[in-house]
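Subject: Structure for you to look at

Hello,

Here is the structure I said I would pass on.

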Amino acid sequence: EEGTIDGLMTACRAGMVIGGYYEIDEKAVHSLHGAIDDCRAVLEKDVTHKDARITLAIAIGFEGKRWRKPGLAKKSRAMLEQVFEDYPDDYASHGALGGWHSEVSAAGFLAKLYLGAKRKMAQQYFNDAFSRKKSDLPLLLEYIKFMARGKTSDIELALSSAESALRVASNEAIDTLMHDNIGALQAALLSND
């Protein structure tokens with residue numbers, strides 16, 4: 001409500017997490033559109049704000065997935081690649097590109113072929129992100145999702161990564177939401193469902 005960069009960024013992240021992981025249908029769309037608006041408001045105040053740029057790109061990727069519009073997925077990738085170029089040593093820029101390659105690769109052969117996503121690239125970006133920061137919960141969640149879609153040895157790594165991630169301290173409300181999702185993924189993997 002105060003329109004500060006920190007407040008808008010918190011709203012941006014919260015809208016992404018809630019709309020991306022917790023809500024469905026119109027509620028999710030409303031939250032994601034709110035996140036997009038909040039991210040853009042941050043960028044109006046600081047065009048270089050890395051986290052707002054990454055979150056906005058991810059939200060646009062969600063929109064592309066929802067509408068099945070490859071153009072939005074390409075735009076999302078281009079935005080993430082620009083952040084990566086601007087912040088090549090930042091773990092989040094590596095992790096975001098890993099997440100993009102992971103999600104598009106999971107969408108199927110045609111999506112991978114048309115959009116140029118590669119599971120191998122996702123792994124490399126995740127490895128680079130973890131070499132810079134080990135315990136970021138959103139990054140760990142995306143990595144666990146990525147590994148859960150792999151072969152048996154990948155699934156075993158997803159389970160051990162989930163176990164480790166659940167031991168990471170939850171310092172913010174968003175971290176608690178990440179723990180909830182990681183726990184749900186762990187339970188699904190353990191039940192083979």
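By about how many helical turns are Glu81 and Arg77 separated in helix 4? The two residues are 4 apart in helix 4 (residues 70-86), so the separation is about one helical turn. Bear in mind that this is a predicted model.

Salt bridges

Glu81 and Arg77 form a salt bridge, and their closest N and O atoms are 2.9 Å apart. Glu81 is partly exposed, because its relative accessibility is 33%. As background, side chains of opposite charge can pair when their charged atoms come close. Over the whole structure, a search finds 12 salt bridges.

A second salt bridge is formed by Asp154 and Arg119, with 3.4 Å between the closest N and O atoms. This pair links distant parts of the chain, since Asp154 lies in helix 9 and Arg119 in helix 7, 35 residues apart. Are the two partners buried or exposed? Asp154 has a relative accessibility of 15%, so Asp154 counts as buried. Arg119 has a relative accessible area of 30%, so Arg119 is partly exposed.

Glu163 is partly exposed at 47% relative accessible area, while Arg167 counts as exposed at 60%. There is also a network: Lys65, Glu103, Glu142, Lys145 and Arg149 are joined into one by salt bridges that share partners.

Helix 9

Helix 9 covers residues 152-165, which is 14 residues. From its first C-alpha to its last, helix 9 reaches 20 Å, close to the 20 Å expected at 1.5 Å a residue. Which residues of helix 9 are buried? They are Asp154, Ala158, Ser161, Ala162 and Ala165. These residues lie on the same side of helix 9, because they cover an arc of only 105 degrees around the axis. Thr152 and Glu156, on the other side of helix 9, are exposed.

What do the buried residues of helix 9 pack against? Their neighbours are helix 7 (119-132), helix 8 (137-148) and helix 10 (173-190).

Helix 10

Helix 10 has 18 residues. The distance from its first C-alpha to its last is 26 Å, close to the 26 Å expected at 1.5 Å a residue. Its buried residues are Ile174, Asp175, Met178, His179, Asn181, Ile182, Gln186 and Leu189. What covers them includes helix 1 (5-22), helix 8 and helix 9. Just after helix 10, Asn192 takes a positive phi of about 55 degrees.

A patch on the surface

Phe109, Leu110 and Leu113 make a nonpolar surface patch of about 390 Å². Leu110 belongs to helix 6 (residues 109-115). Why does Leu110 count as exposed? Its relative accessible area is 63%, and the cut-off for exposed is over 50%.

Regards

Notes. Residues are numbered from 1 along each chain as its sequence is written. This is a predicted model: local features need pLDDT of at least 70, side-chain atom pairs count only at pLDDT 80 or more; totals for chains, interfaces and linings use all residues. Side-chain values use heavy atoms; hydrogens and water are left out. Patches are made of residues with over 30% relative accessible area and no salt bridge: like charges are joined within 9 Å, nonpolar side chains (Val, Leu, Ile, Met, Phe, Trp, Tyr) within 5 Å. Accessible areas come from the Shrake-Rupley method with a 1.4 Å probe; for residues, only the protein chains shown count as cover. A salt bridge is a side-chain nitrogen of Lys or Arg within 4 Å of a carboxyl oxygen of Asp or Glu. Buried means under 20% relative accessible area, exposed over 50%, partly exposed in between (1.4 Å probe, protein chains only). The expected span of a helix is 1.5 Å times one less than its number of residues. The arc is that of the directions from the helix axis to the C-beta atoms. Contact means heavy atoms within 4.5 Å.
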